Amino acid sequence: MMCRAALKAARRLLRDFGEVEQLQVSQKGPKDFVSNADRQAERTIRQELEKARPDFGFLMEESGEIIGKDKSQRWIIDPLDGTMNFLHGMPYFCISIAHEKDGEIIAGVVYDPVRDEMFCAEKGAGAYVNEHRLRVSARSKLQDALVCTGASPSYRKQLIEDILRNFENEVSALRWNGAAALDLCYLAAGRLDAYCAFGLAPWDMAAGLIIIKEAGGYITNAYGEKLTLDSPTVVASNPYLHESLVHLTSSLIKR
Ligand code: IPD
Ligand code: CA
Ligand code: CA
């Protein structure tokens with residue numbers, strides 16, 4: 001049902017993405033157009049999920065929180081993650097939907113409409129991209145690792161220099177891809193070896209969290225502690241790199 005909701009919203013999002021390039025040259029610019037696409041996608045996802053589970057609550061990036069009749073279960077939704085990429089015609093963005101029960105994420109779906117890649121996981125049932133089982137990479141040296149990072153505007157100024165300075169000589173290469181939910185899935189797929197981001201919101205990380213765990217990866221806060229959805233920092237990697245990664249990130253962010 002999460003996949004169906006994501007696919008339905010994606011059809012329109014993809015059409016809108018096709019139009020965004022034309023809009024780049026218009027006077028008003030594409031910003032309003034994109035925030036409309038964003039809100040429309042969220043409406044579609046909400047309607048689909050509400051049809052299937054009328055009692056569940058919601059936590060959505062655009063419309064905020066809705067408490068359901070069933071207070072133990074809710075959907076956590078980012079209808080368009082990677083907005084800035086979308087706005088610039090960069091084909092790296094996704095839809096992210098997670099199912100939370102009793103405060104724990106038990107299922108997640110992240111859909112990349114451009115590549116038609118549906119990442120999904122259920123607690124205890126493994127993680128998949130389309131029909132293929134996901135597994136984190138096996139690289140064991142930070143020196144060989146492809147590391148992705150990201151930060152929200154409030155963290156950016158303070159951290160950008162620190163991240164570059166601290167990571168540059170420690171890893172093979174750094175990336176800043178701009179769609180946190182999709183980055184987490186790339187880590188689960190072994191396309192990235194490590195990920196650290198600062199200032200993420202619950203809807204950026206909720207689905208990715210279960211997808212990474214089910215793909216055999218580790219995901220914590222910057223100090224290596226259990227990740228909660230209100231944690232401002234996220235550090236994820238394969239099991240071999242996690243300790244050295246946390247060593248770097250914990251020195252970047254002072255408590
Ligand atoms: C943003 C992206 C970005 C991350 C930011 C998020 P949005 O989400 O995931 O990669 O660094 O912190 O806010 O605004 O594109 O949904
Ligand atoms: Ca987001
Ligand atoms: Ca968003």
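Student: Why is Ser-237 called buried?

Tutor: Ser-237 has a relative accessibility of 0%, and buried means under 20%, so Ser-237 counts as buried. Please keep in mind that this is a predicted model.

Student: Where is Ser-237 found, and which residues is Ser-237 in contact with?

Tutor: Look for strand 13, residues 233-237. Leaving aside neighbours within four places in sequence, Ser-237 is in contact with Leu-187, Asp-193, Ala-194, Gly-217, Tyr-218, His-242 and Leu-245.

Student: What does the side chain of Ser-237 reach at 3.2 Å?

Tutor: The backbone nitrogen of His-242. A polar contact needs N or O atoms within 3.5 Å, and the distance here is 3.2 Å.

Student: What makes helix 5 count as mostly covered?

Tutor: Helix 5 spans residues 180-188, and nine of its nine residues are buried. Among them are Leu-182, Asp-183, Cys-185 and Tyr-186. Leu-187, one of the contacts of Ser-237, is also one of the buried residues of helix 5. After the helix comes Gly-190, with a positive phi near 80°.

Student: How do you know whether Glu-214 is buried or exposed?

Tutor: Set its value against the cut-off. Glu-214 has 18% relative accessibility, and the limit for buried is under 20%, so Glu-214 counts as buried. Glu-214 lies in helix 6, residues 202-214.

Student: Which residues does Glu-214 touch, not counting those up to four places away in sequence?

Tutor: Ala-121, Glu-122, Lys-123, Gly-124, Ala-125, Gly-126, Ala-127 and Arg-133. As for Cys-120, Glu-214 is 94 residues away from it in sequence, yet their C-alpha atoms are 9.4 Å apart in space.

Student: Let's turn to salt bridges. What makes Arg-74 and Glu-100 a salt bridge?

Tutor: Their closest N and O atoms are 2.5 Å apart, and the rule asks for a distance within 4 Å, so the pair qualifies as a salt bridge. The two residues are 26 apart in the chain, with Arg-74 in strand 3 and Glu-100 in strand 4. Both Arg-74 and Glu-100 are buried.

Student: Why does the pair of Glu-48 and Arg-4, at 3.9 Å, count as a salt bridge?

Tutor: The N to O distance is 3.9 Å, and the limit is within 4 Å, so this pair meets the rule too. The bridge links distant parts of the chain, Glu-48 in helix 2 (residues 31-52) and Arg-4 in helix 1 (residues 2-23). Glu-48 counts as buried because its relative accessibility is 9%. Arg-4 counts as exposed because its relative accessibility is 51%, and exposed means over 50%.

Student: Why are Glu-50 and Arg-46 called partly exposed?

Tutor: Glu-50 has a relative accessible area of 30%, and Arg-46 has 28%.

Student: How many salt bridges does the rule find?

Tutor: The count comes to 12. Across the interface of domain 1 and domain 2 the rule finds one.

Student: Where are those domains, and how much area do they bury between them?

Tutor: The domain assignment gives domain 1 as 2-133 and domain 2 as 142-250. The contact takes 35 residues from domain 1 and 22 residues from domain 2. Between them they bury about 2100 Å², with 68% of that on carbon and sulfur atoms. Tyr-92, Ile-105 and Phe-119 supply 30% of the area that domain 1 buries against domain 2, more than any other three residues.

How values were computed:
Residues numbered from 1 in each chain as written. Chains lettered and ligands numbered in written order. Predicted model: local features only at pLDDT ≥ 70, side-chain atom pairs only at ≥ 80, totals over all residues. Heavy atoms only, no water. Helix = DSSP H or I, 4+ residues; strand = E, 2+ residues; numbered from the N terminus. Buried < 20%, exposed > 50% of the residue type's maximum accessible area, 1.4 Å probe, protein only. Contact = heavy atoms within 4.5 Å. Domains from an automatic or database assignment. Buried area = accessible area lost by both parts, 1.4 Å probe. Salt bridge = Lys/Arg side-chain N within 4 Å of Asp/Glu carboxyl O. Polar contact = N/O pair within 3.5 Å; in protein donor to acceptor, adjacent residues only side chain to side chain.
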